[in-house]
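Dear colleague,

I am handing over the structure below, together with my notes on what was found in it. Please read the notes with the coordinates open beside them.

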Amino acid sequence: KPDAVMVAGDLVLNGADPALVVDVLRTLADDGALVIAGNTDIAVADFDYAAAFPWMQDGVPDAIQAAAEWAHDTLGPDRVDWLRRLPSERRWRADDDTLVLACHASPGSQTAGFDRDLDPNVTIERVARTDARVIVCGHTHQPEVRDLGWKVIVNTGSAGYVFDGDPTASWALIDLADGEVTAEIRRTEFDAVAAATAISARGLPGDVYRAATVRTGKLVR
């Protein structure tokens, strides 16, 4: 029973049942969870591929566009409208006055993340865009906790599409007390083979790679 639940985006592009995902998240949000959109949610909601994937200078692959269009159609107008209205950031202040920011990639950006090989100077520049002590993010699909001293970056990884070689759902538990921040990555097992099989059964371009990614916990493309 945490004091706050944050969901850091990338919700519906790659899975086999995006409607169920949205329904569960809407219930969580009604109960107070803070849910934000990721860059892939922009692709699904509005097909704005340049905004969702600005690093793909030569165009977005057909496989991504097909998955976005399929998810959009599967969700239907009401769920797409809910997805479209999600904010890009949410903030929560703990009882000890610690400010926590939920963003997808980094403060102020849904696409410029905290990659593990990122130049340290760029990391400092990006964390300085917020007054929050704790930055909760995703985007890289690589779970980790980085304590910079003055700020803590908590990358929750992914609940079903992780890239670190451990095919489990990754999430983070953060404890805030008297100005101290303790964060750890937790892993929860799920039936990755069944999830991968359901993705393969759709038959969309790229599904064989998506299924392999879910099954192995490593990005396959």
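From strand E4, Leu 99, Leu 101 and Cys 103 point one way while Val 100 and Ala 102 point the other way, and all of them are buried, where buried means under 20% relative accessible area, exposed over 50% and partly exposed in between, with a 1.4 Å probe and protein chains only. In a regular strand the side chains alternate between the two faces of the sheet. Since 5 of the 5 residues of E4 (residues 99–103) are buried, the strand is largely enclosed by the rest of the structure. Helices (H or I, at least four residues) and strands (E, at least two) are DSSP runs, numbered from the N terminus.

Please bear in mind that this is a predicted model, in which local features need pLDDT of at least 70 and side-chain atom pairs count only at pLDDT 80 or more, whereas totals for chains, interfaces and linings use all residues. Residues are numbered from 1 along each chain as its sequence is written, and side-chain values use heavy atoms, with hydrogens and water left out.

E4 belongs to an open sheet of 5 strands with mixed pairing, in the order E3-E4-E5-E7-E6; two strands pair if DSSP finds at least two bridges between them. The edge strands, each pairing on one side only, are E3 (89–93) and E6 (144–147). Neighbouring strands of this sheet are turned by 15 degrees against each other on average, direction ignored, the axes being lines fitted to C-alpha atoms (for helices over the stretch in contact) and angles running from 0 to 180 degrees between N-to-C directions.

E3 and E4 pair in the antiparallel sense over 5 bridges, and the bridge partner of Arg 90 in E4 is Ala 102. The hairpin of these two strands has 5 residues between them, and there Asp 97 takes a positive phi near 80 degrees. E4 and E5 run parallel and are joined by 3 bridges, with Val 100 opposite Val 134 in E5. E5 (residues 134–137) in turn pairs with E7 (residues 152–155) in the parallel sense over 4 bridges, and Val 136 stands opposite Val 154 in E7.

Turning to helix H1, its 13 residues (18–30) should span 18 Å at 1.5 Å a residue, and its end C-alpha atoms are 18 Å apart, which agrees; the expected span is 1.5 Å times one less than the number of residues. In H1, Pro 18, Ala 19, Val 22 and Leu 25 are buried. Seen down the axis of H1, the buried residues fall within an arc of 130 degrees, so they line one face of the helix, the arc being that of the directions from the helix axis to the C-beta atoms. What covers them includes strand E1 (6–7), strand E2 (34–35) and helix H4 (62–84). Just after H1, Gly 32 takes a positive phi of about 110 degrees.

Val 12 lies in the loop between E1 and H1 and, at 2% relative accessibility, counts as buried. Leaving aside residues up to four places away in sequence, Val 12 touches Pro 18, Val 21, Val 22, Asp 41, Val 44, Ala 71, Leu 75 and Leu 83, contact meaning heavy atoms within 4.5 Å. The C-alpha atoms of Val 12 and Leu 83 are separated by 9.2 Å, although the two are 71 residues apart along the chain.

With kind regards
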